Amino acid sequence: MTVRDDAHQQGRQQDREEDREQRESGPDRRRFIGYVLAAPTLTVAAQLGEAVLAPAPAVAAAPALVPSLPGPSEIYDLNDMLTHAALPTANLITLRIEADGSASFALPRAEVGQGITTSSAMLIAEELDLPLEKVRVTLADARPELLFNQMTGGSNTTIATFTPIRVAAAVARGRLLRAAALELGELLGSLTAKAGAIVSSATGRSIGYGELAAKAAAVSDTAVSVALKKPSEFKVIGTAQRRIDALEAVTGRKRFAMDVQVPDALPTMVCRPPTINGTVRSVDNLAAVRAMPGITDVVRISSGVAVRGRTFGQCVDAVRALKVTWGPGTAEAASDATVQRKLRAAELPLVVPTLPLLTKAVDARFTFHFSSNSALETNCAVADVRSDSAEIWASLKTPIVAQEQIALQLGLPVTAVKVHVTEGGGSFGRKLFHDAAGEAAEISRAMGKPVKLMWHRTDDFRQGRTHPMSTSRVRATYTLGEVLSYEQRHTSVATDFGHGLGEIITSTAAQLPVGDLAFSETIFALTQQSPYHFGVTTQLLSETEKRFNTGSMRGIYSPNVRCAQELVVDELAKRMGKDAYEFRRKHLKEERARAVLDKVAEVGDWGRSMPAGTAQGIALHPEYHAFVAVLAEIDCRPETTGRKIHDAYTGPRVTKVVCAVDVGLAVNPRGLEAQMMGGIIDGIAVALTSGLHLRDGHFQEGSWDNYFYTRQWNTPPELEIVVMPPTSDRPGGAGELAVGAAMAAVACAYGRATGTMPTTFPVNHAEPLAFEPLPTTPPIPASPVDGLDRAF
């Protein structure tokens, strides 16, 4: 925007007013630098400097008799690392005011159901004094210039973007007020912004944001100093809001990858090998399959044989008809038992000895089987690859990595590959990898045509990413009512961090408090912590077996590690004759942890009398500057355990859950409640029912009929979420928080109800199988399911 000469003196007066506001804003109102960018309409960016204030200092609980030193993640955790890695490009996060007075923001993160488009819109609405419905949030395409600022994971989105988004909105608001002062001929200090219109307090005249959008624009980039609202001034942040995309979701108008309409992009599926990562040796009937009704193309690719047809139902028929000779995979003859033996051999030793005359010890080993992210939306992507360019549409949490690797795969420059991020129907860590997008690009190049690739549900269970199998060896020594040491040796099938997180670790390695550790060990050290004063405490990771397709699942290592620890805590309390809740409370390190624990004990009526075969369990989990406690009640009585699955398994039912959560500042308490509910359901699943059976080099599960994710019959009829009052002026992580605490609370309840501490998870992971496995060749059910017979 160019200011007229006759407004020069008025502008100087406004500058003086702004200087006075800065002096009077007080020490609790930090000032930030943002930018007004050259553009036809008002476009602003966040600050380049300090984007996120340091985490609030921990408030210690009463000191324990045998205190524990803080672990690495209590000083600097994975979320801190992700936030600081995103910091240098925070100034590239931009916000635009449109001619209709609305605000447009392309969020450089992936919305997969967690509600971050809503929380981001709330931040903008707050600082812009704009109605929430006038904020339009879309998902940004892959932007290589953002470096590490376009990765969605580690419950980091709200933490990392909390300040940059607000700064951008505050810059826009200030620029609009300044333009309004010039237009109305009023002093800047006499104007207020309300409901998207600038109102003059002196004359009552008003002018809308839309009318000012062009007038407030700049012809060159300009640095602007702004002060953000204080928490006491919040009118949107911290209030319960419905999701801005709720109506589209329930009416079917929400657009996912398979809803993208690309000319001539036809349904495509892949015939995959019977064992993990098997290879194609030969195809006996290519010509016959190509001649099937509706089929346009059949080609061999690195992961199998791809077919393209008019409908997904025709693709299913073609995949089933293919006669393929397969070569061996990477996990031939592997089974749960063989993997478990290798994990046992790779365990790191325990150091603290037991001294029978002086101390006693709880020794335990826990096994956690392979599991699936099990998102509602299967892997899918649309690809249009030409000789000199490529365009991809998919739900991607690491779109920059996808763009780089697809460009390398196709032999194209990165600038020739466009990657569009679509909304996703769930992820839980699965969409950190771009498997479907890369495969779609390979198929499109081989066929020379656009494709709309969808993985069948069975594909993901048997050839997709899995949460690795692991074991936890725990020893806790105690004497005279005090815990002297706690050692945990977690051993896991290797987790693949090739989705971009490893690059972040490499780039910040010199600043990490964990020394020269490998990627997995670094992630483990930056995520795992004990909330208890248990004397000398060590938690270490070792990994083995790199021949599986693995990935992170909601919480990475935390649910399994926390479940093992909380079960040992229950056992320690039992052996010392202490109440499980009071024992935890006594040993907690922080008051915030004690507050959520007290709240669930109070609301859940901890210690109430219950029938034999039923019990309560209680557990706590700290992560990413947040705390959650869960109290669960379970019914393990055979006569009341509910519905049978395939007449072979009758499982215990979780009948009640109370959850108390403290994330510092909850941007959207309603969204936080939903996150906790989802995490609780996940925790119930991995504790009781959801696991994969590995046999003869492949997983037996092939659909939700036999991968027993929590069903309605096993969802607690009583479920209460308590969002604690704010304990900070900044948000903590929430996306993964509840899974570990819920899994542990359910496991502890199960142990108390049955009288035996469970050591294998899920607890129903039994042989013989409780279902008839789908055939491995071809690995697709006989009749089309999941709407695959729809025409596109």
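1. Strand pairing E17 to E18. Ile392 stands opposite Val419 in E18. The model is a predicted one. Strand E17 covers residues 390-394 and is joined to E18 by five bridges. The two strands run parallel. Strand E18 spans 417-421 and is an edge strand of its sheet, pairing on one side only.

2. The sheet around them. Seven strands form an open sheet. Their order is E12-E13-E10-E19-E16-E17-E18, and the pairing is mixed. At the other edge sits strand E12 (295-301), which likewise pairs on one side only. With direction ignored, neighbouring strands are turned by 20° against each other on average. Strands in a sheet pair through backbone hydrogen bonds, either parallel or antiparallel.

3. Helices on the sheet. Helix H9 (residues 312-321) packs on this sheet. H9 touches strand E10 (266-271), E12, strand E13 (304-309) and strand E19 (451-454). The direction of H9 makes about 25° with that of E10. Helix H11 (residues 399-410) lies across strand E16 (380-385), E17 and E18. H11 runs at about 145° to E18.

4. Strand E19. Which residues of E19 are buried on each side? Val451 and Leu453 are buried on one side, Lys452 and Met454 on the other.

5. Neighbours of E19. E10 and E19 run parallel and are joined by three bridges. Lys452 is the bridge partner of Pro267 in that pair. On E16, the pairing with E19 is antiparallel, over four bridges. There, Cys380 stands opposite Met454.

6. Met292. Where does Met292 sit? Its place is the loop between helix H8 (286-290) and E12. Met292 is partly exposed, at a relative accessible area of 21%. Leaving out residues up to four places away in sequence, Met292 touches Asp317, Ala318 and Ala321. Gly309 is 17 residues from Met292 in sequence, and their C-alpha atoms are 9.3 Å apart.

7. Strand E15. Strand E15 (residues 360-368) pairs with strand E20 (residues 470-479) in the antiparallel sense, over nine bridges. The bridge partner of Ala361 in E20 is Thr477. E15 also pairs with strand E31 (residues 760-761), here in the parallel sense and over two bridges. Thr367 stands opposite Thr760 in E31.

8. The largest nonpolar core. This core has 76 residues. Phe366, Val568, Leu572 and Met676 touch the most other members. Helix H20 (residues 737-754) gives the most to the core, with twelve residues. Another core lies apart from it and has 56 residues, including Val112, Ala121, Ala170 and Val667. In soluble globular proteins, nonpolar side chains tend to be buried together.

9. Leu572. What does Leu572 contact, its neighbours within four places in sequence left aside? The residues are Val362, Ala476, Tyr478, Val483, Phe534 and Phe583.

10. H16 and H17. The axes of helix H16 (residues 558-575) and helix H17 (residues 580-587) come within 9 Å. They cross at roughly 105°, which makes H16 roughly perpendicular to H17. From H16, the contact uses Glu566, Val569, Asp570, Leu572 and Ala573. From H17, Ala580, Phe583 and Arg584 take part. The residues of this contact divide into five nonpolar, no polar and three charged.

11. Helix H15. Is H15 (residues 519-527) mostly covered or mostly open, and how many of its residues are buried? H15 is mostly covered, with seven of its nine residues buried. The buried ones are Ser520, Thr522, Ile523, Phe524, Ala525, Leu526 and Thr527.

12. Overall counts. The protein has 20 helices and 31 strands. Of its 792 residues, 60% are buried. Among contacts between residues at least 6 apart in sequence, 80% join residues at least 24 apart.

Key
Residues numbered from 1 in each chain as written. Predicted model: local features only at pLDDT ≥ 70, side-chain atom pairs only at ≥ 80, totals over all residues. Heavy atoms only, no water. Core = buried A, V, L, I, M, F, W, Y, C linked by side-chain atoms within 4.5 Å. Buried < 20%, exposed > 50% of the residue type's maximum accessible area, 1.4 Å probe, protein only. Contact = heavy atoms within 4.5 Å. Axes fitted to C-alpha atoms, helices over the stretch in contact; angles between N-to-C directions. Parallel < 35°, antiparallel > 145°, perpendicular 65-115°, else oblique. Nonpolar A, V, L, I, M, F, W, Y, C, P; charged D, E, K, R; others polar. Pairing = 2+ DSSP bridges.
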